[in-house]
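Subject: Structure handover

Hello,

Here is the structure I promised to pass on. Please open it first, then read my notes below.

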Amino acid sequence: MCTNLESEQETTLMNAYFAPSTPQGTLLLFLRARLDRARRRPERGASAMEFVIITAVLVALAAAVGLIIYNLVTDKADEINIPDTPGGGGNL
């Protein structure tokens with residue numbers, strides 16, 4: 001884990017390159033706050049993994065349902081009988 005001195009050095013280094021009023025500085029401050037919060041709560045990592053697993057299962061389920069619907073629609077489209085054009089439909 002980082003000590004307070006290391007954390008202060010990281011903050012000083014980030015602020016030296018990007019002012020908080022710039023978009024880059026704002027992004028770095030936001031990311032640092034998230035990182036500090038994650039370091040203080042070790043149980044948050046477990047919930048993040050749970051969200052990743054749940055999301056992966058839902059994506060796989062959505063892909064499976066999409067594939068089933070695609071196959072049903074394709075099968076029904078193949079069953080449609082389109083009659084030939086009257087008069088033979090010759091070339092012009």
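Predicted model: local features only at pLDDT ≥ 70, side-chain atom pairs only at ≥ 80, totals over all residues.

**Confidence**

The mean pLDDT of the protein chain is 76. Of its residues, 67% reach 70 or more. Confidence is lowest in helix α1 (residues 4–17), with a mean of 57. It is highest in α3, with a mean of 89.

**Surface and burial**

The protein chain has 92 residues, and 5% of them count as buried. Its accessible surface is about 8,200 Å². Carbon and sulfur atoms account for 66% of that surface.

**The nonpolar patch**

Which residues form a nonpolar patch on the surface? They are Ile-54, Leu-58, Leu-61, Val-65, Ile-69 and Val-73. Take Ile-54 as one of them. Ile-54 sits in helix α3, which covers residues 44–79. Its relative accessible area is 47%, so Ile-54 is partly exposed. Patch residues need over 30% relative accessible area, so that cut-off is the one to compare with.

**Salt bridges**

Side chains of opposite charge can pair when their charged atoms come close. In this model the count comes to 2 salt bridges.

One joins Arg-32 and Asp-36. Their closest N and O atoms are 3.1 Å apart. Both residues belong to helix α2 (residues 23–40). They are 4 residues apart there, so about one helical turn separates them. How accessible are the two partners? Arg-32 is partly exposed, at 21% relative accessible area. Asp-36 counts as buried, at 18% relative accessibility. The cut-off for buried is under 20%, which is why these two values fall into separate classes.

The other joins the side chains of Lys-76 and Glu-79, at 4.0 Å from N to O. This pair lies in helix α3. Lys-76 and Glu-79 are 3 residues apart, so here too the separation is about one helical turn.

**Where to look**

Start with helix α3, where confidence is highest. Find Ile-54 there, then the salt bridge between Lys-76 and Glu-79. After that, turn to Arg-32 and Asp-36 in helix α2. Treat helix α1 with its mean of 57 in mind.

Best wishes

Conventions: Residues numbered from 1 in each chain as written. Heavy atoms only, no water. Patch = residues over 30% accessible without salt bridge, like charges linked within 9 Å, V, L, I, M, F, W, Y side chains within 5 Å. Areas by Shrake-Rupley, 256 points an atom, 1.4 Å probe, with all protein chains shown as cover. Helix = DSSP H or I, 4+ residues; strand = E, 2+ residues; numbered from the N terminus. Buried < 20%, exposed > 50% of the residue type's maximum accessible area, 1.4 Å probe, protein only. pLDDT = per-residue confidence, 0-100.
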